[in-house]
Every structure is written in structure tokens, then in C-alpha cells.
Amino acid sequence: MIFNPTDLLAVLPEISILVLTLLVIMLELLITRRVLVLQIVTLVGLAAILLITCFAGLGSHGGAFNGMIASDGFSVFLKALLIGVTMMVIFTSREYLRGSNVRYGEYTGMILIATCGMMVLVSATDLLTIFLGIETMSIALYVLAGIRSGRARSSEAAFKYFLLGAFSTGFLLYGMALIYGATGGKTNLTEIGQVISELKDMPVYLFAGVGLISIGLLFKVAAVPFHFWSPDVYQGSPTPVTMFMAVGPKAAAFAVFIRLFGSALSGLSADVWGPVLWVVAVATMTLGNIIALSQTNIKRMLAYSSIAHAGYLLLAVLASANPEVHVTASAGLLFYLTAYAFMNIGAFTVAILVSRSRKDGDYHIDDYQGIASTNPWIAGAMAIFMISLSGIPPTLGFFGKLYVFSAAVKAGYITLVVIAVLNSVISVYYYLRIVVYMYMRPAAEPKTVLVKEYSWAIVVGICAVIIMLAGILPNQTMKKAISGAETKVNPTQTVIKT
Amino acid sequence: MTVGLSWYLWLAAVLFCIGVAGVLTRRNALIIFMSIELMLNAVNLTFVAFSRYLTNIDGQIFVFFVMAVAAAEVAVGLAIIVTIFRHKESVDIDKVNLMKW
């Protein structure tokens, strides 16, 4: 147990994000309250951190801080994705928050702290760092959900998110405590994996611990039956926060899921959590898709759609417990999360654009009628997002599903994949309904003419281009994902530096 | 008769269940909040008991982190409850019902 100064390099992105947070908060407090300046400082800072993350060779560090943090290719890939997501969220937020009483520096600071938590989470290889990452992320998100405190809905969203989030944290922690005890005082994931593989007779509270920890994580990814908070919170939160919440925490929580269940607890897959997660995955995608069919609010529809996507992603977690497909499944997960991030950010930004074009700022799906005739570009982009979300080729969403499902088939989950494909077919109905509204229905009078706001249009454009380009050339993204997954710290491969 | 590890584990499990029951049955946000704290303290007790039994210090360090994070959570949570009270003049969770299905 010695402190190695080069370990600090492994957490360089997190440290930089925290410095940037303090800088932005102090800048607003002491120097200028001009939103444009704050936004430019944040975006330039994030771009620099993105460059550091991608090109400073952080992926080769493996374990740092005595195995608390892993700076491997897997975490670097997700960190880069999370920084990209944060940049787009911050870029869309300025215009959205204009005229509200929200202090921009505080808001940006909270987003950055949540991002920092997620970045710790994707590289966490110890129960303690997992806990700290989850809490750093969640506490900042509770604040963000309720940041428009003058609005009853925003406060209500924060309230529900907070109470249920804190409740689930209790389960997560109790699970960690029991695993700590059952493995004879181990908190490191690699060590836990080794101890479990050598354990002769498993104490009952090890199973209880695995169950409790999975409840905590399933809550964070909004899987059935722990999904009740998500539609309300998504609807009530300010929309840029909603898209941040829909993408970031899900990516981070699935990274933990695959590190914990796919690696450390993979020895217990067959007879402890495998069957349970199988049922949860089926329930999550089926219920998410079926309830999404009847939604008339676009934010709630996207909330249920993201529940369904969590169900598909659970396939990758299940498959990753099989050591032979572990790398394929992890790479599939990374690819899927990338696709999911861009599709959702694009769709939510269009939702902002459409809602802001109405006087009352509502999010009803009828508003999409006839948009194609007035705003063909935005309608085209929204069509791309919807097609990608439903998983039709040649979009990024299709390849995401392809990689995850094929990993699941290789791991032998044929029935589950059949159910997942059937679910994708159901989901086509409600995704394409938006496309049909936009292209085939006449616009309701008075016609919805979308506001001209360059920042939202740019984000929509970037997402649409990435989805189409990467959909045509999925190999490049997949190569990155595979190389990331290959270097992932894995109990069967790594020896920790001590 | 000695007080062994299992005594502490059972006590913690009972405390945790009381906390869960409190969250699920009570309607006052502050009481729910207190029940959540009870759950976290049950966790702390489990950690400390294991830590002593296994003579491994990691569990006690974990408890410090849990307490620090719980304090941060209390600060944010009470602020959120205050904003809800400003809107509803009440902290009854049945009255927090603007959004359903």
C-alpha cells in the first residue's frame, strides 16, 4: 500500500473537471455573470479535457491507487463519451434557461460535478469508489432535477428522485456491506472475484448482498420493477437535464454493472443473479415498450423508451458473465451506449425545439404534425433519431442492437434475444408514429413554425450526422469499442500493483 | 453467552427492515427521510461489526465515507423538502401528485 504519484495521471480528467467546476462557479461569483462568457469557458475547458482524455495515453494505466480506480480503455472510452454528452447538454442549456431564475454558473457547476461522479463511476474498481461515484453523480442530479425551484413540477421531480434515490442507496450500501463481510473483508472488485471463485460454501448473506446491490443498481438504470421514478422525473426536470439524466447516469451505471456482475461476480452468474436478471431484462423491455405505446407526452414517451433500452442493455450484462464473450459483450455495451447517447440527445433537443415553438411550452406529440412541410431539416433529423431508436438499419441504433444481441446469442441467451427482437418490433410503432405525424399529417392550425435557434439546430445536426455516418461506417466505432473492452481490467487477467 | 457477530448482523438486519418499512408505510417526507437514515445506520453497523470480526480496517473507513455522504445527502434532501413545502404547504407525499403515468 504505497502512494504512487503517477496514479494521479489516471484521474487527470476527473481532477480537471473539478478544477473547471470551481473556475466556473468562482467566475460567476466574482468576475462576470454574463452567461455567454461562462458557457464559452466551460465548453473550451471541456474540449481541453476531452483532448487530455483521448490523447494523453491514459488508457494504459490499468489499476491505480491500489486498485481503487482503473484507467483502462473501457473507462477512457466512456469518459470521452460522457464529456461529449456534457458538452452538448451545456451547449443546449443556455437558450433553454434564458428568462428563468436559474444562475447559469451554479447550473453548469452541478452538471460538471455530476459528470465527475460519472467519470469516477466508469473507472471504479472498488466498492468504495463505486459508492462515491454514484453518490457524487446522484446528489448533483437531485439538485439539477429541481433547479427550477419556482416550478412545482421541477420541485416534484427533484423530490421523487431524491427520496427514491436515497432509498435505493440504502439497498446498494447494505449489499456492499454484506459482500464485504462475505468475502472476508474485501472491497476491491478483482479481489472479490478471486475470493468468490475460491469459496467452498457460500454464506447466505453473500447471496443477499448480491441481491441488494443489484436492486440499487437496477434502480439507477431504471429497470422494471424499479422504474417508477423515471417517467415522472424525466417529465418534471428541465429538458436539458432530462437528456443528461437519460444518457449519463445510465452509461455510468451500466459500466459499473458490467464491472461488478460481468467480472467480479461472474462466478455466481449461473445460479444466483443470472435467472433473476433474465426475468428483469424481459420485464424491463416489455413493460417499457408497452407503456410507451400509450404516451402522448414526448418526454414521457422517451422516458419509457429509455426504460426499454435499459432492458436491451441488460442483455450485454448477462452475456458478459460468460468469460468467452466478455470482451464482445463489453464492446457491444460501449457501442450501444454511444448510439443511445446520440439518439437521445438528438431526440430531446428536437423536443425542446418543438415545445419552445408553442406558447405554453407543452410537450404533446400532436405538435409534431406537419413539421416536415415547415421545417424539413429538423423533421428529417428527428426521423433519423426515431429510426435509429427503433433499430432500423443503416443507423447507429441498429448496429448497437446487432452487437449486443449477437453477444447475447454467443453466450447462449437465444430465447432472450428472440424476446428482445420482438420488443424492438413493438417499439417501431411508437417511434414511427412521430415520423408519420411529421410527414403524413397536415399541420394543425395555427401551424407550428419552429423557433430559429442556432445552438439547438447545431446539436440536432451533429447528432444526426454522427448517427448516419457511424451507421454507414460502424467498424471504426466498433474498433475503438473493442480495443477499449480488450484492455478492460478483468479479474481473470490482471494482477494489481501493490 | 457471548455477543457474537451474528447478533450484530441480526440487529442491523432488523434495523434495516424497520427503515424499509418506515419508507414504504409513512406518508410524511421527513419521517421517510429519517427511515432512510435508519437504513444507512444499519449498514454502518454491519460494516463495523464485520470490520471488528475480520480485524480489517476497510469497513470502518467505509463507514466514514457513508457518514460524510449521508450528511451531504441530508443537506440536499432538506433543501428539496423545503422547496416542496413552499409549493404545497405540506410535506405529505400523497399531495405530491402533479405527474402520474
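Student: Over the ring of which residue does the charged end of K299(A) sit?

Tutor: This is a predicted model in which local features need pLDDT of at least 70 and side-chain atom pairs count only at pLDDT 80 or more, while totals for chains, interfaces and linings use all residues; side-chain values use heavy atoms, with hydrogens and water left out. Residues are numbered from 1 along each chain as its sequence is written, and chains are lettered from A and ligands numbered from 1 in the order in which they are written. A charge sits over a ring if NZ of Lys or CZ of Arg is within 6 Å of the ring centre and within 35 degrees of the ring normal. The charged end of K299(A) is 4.6 Å from the centre of the ring that it sits over, which belongs to Y363(A).

Student: How do the rings of Y142(A) and Y161(A) pair?

Tutor: A search of the whole structure gives 21 aromatic pairs over all chains. Rings of Phe, Tyr and Trp (its six-membered ring) pair if their centres lie within 6.5 Å; planes under 30 degrees apart are stacked, over 60 edge-to-face and the rest tilted. For Y142(A) and Y161(A), the centres are 5.3 Å apart and the planes stand at 90 degrees, so the pair is edge-to-face.

Student: How many residues apart in sequence are the parts that Y142(A) and Y161(A) tie together?

Tutor: Helices are DSSP runs (H or I, at least four residues), numbered from the N terminus. Y142(A) lies in helix 6 (residues 127–145) of chain A and Y161(A) in helix 7 (residues 152–182) of chain A, so the pair ties together parts whose separation in sequence is 19 residues.

Student: Is Y142(A) buried or exposed?

Tutor: Buried means under 20% relative accessible area, exposed over 50%, and partly exposed in between (1.4 Å probe, protein chains only). The relative accessible area of Y142(A) is 0%, so this residue is buried.

Student: Which residue of chain B belongs to the aromatic cluster with Y142(A)?

Tutor: Members of this cluster from chain A include Y142(A), Y161(A) and W229(A). The cluster also takes in a ring from chain B, that of F33(B).

Student: Which side chain meets K79(A) in a salt bridge?

Tutor: A salt bridge is a side-chain nitrogen of Lys or Arg within 4 Å of a carboxyl oxygen of Asp or Glu, and the structure holds nine of them over all chains. At 3.1 Å, N to O, its partner is E14(A).

Student: Why are K160(A) and E156(A) separated by about one helical turn?

Tutor: The side chains of K160(A) and E156(A) meet in a salt bridge of 3.0 Å, N to O. Both residues lie in helix 7 of chain A, and the separation is about one turn because they are four residues apart.

Student: Which residue of chain B meets E156(A) in a salt bridge?

Tutor: E156(A) counts as buried, at 0% relative accessibility. It belongs to a network of salt bridges that also links K160(A), D232(A), R300(A) and a residue of chain B. The salt bridge to chain B is 3.9 Å, N to O, and its partner there is K88(B).

Student: What is the length of the polar contact between S93(A) and Y107(A)?

Tutor: A polar contact is a pair of N or O atoms within 3.5 Å; within protein, one must be able to donate a hydrogen and the other to accept it, and residues adjacent in sequence count only if both atoms are side-chain atoms. S93(A) is buried, with a relative accessible area of 0%. The contact joins the side chains of S93(A) and Y107(A) at 2.8 Å.

Terms used. Helix = DSSP H or I, 4+ residues; strand = E, 2+ residues; numbered from the N terminus.
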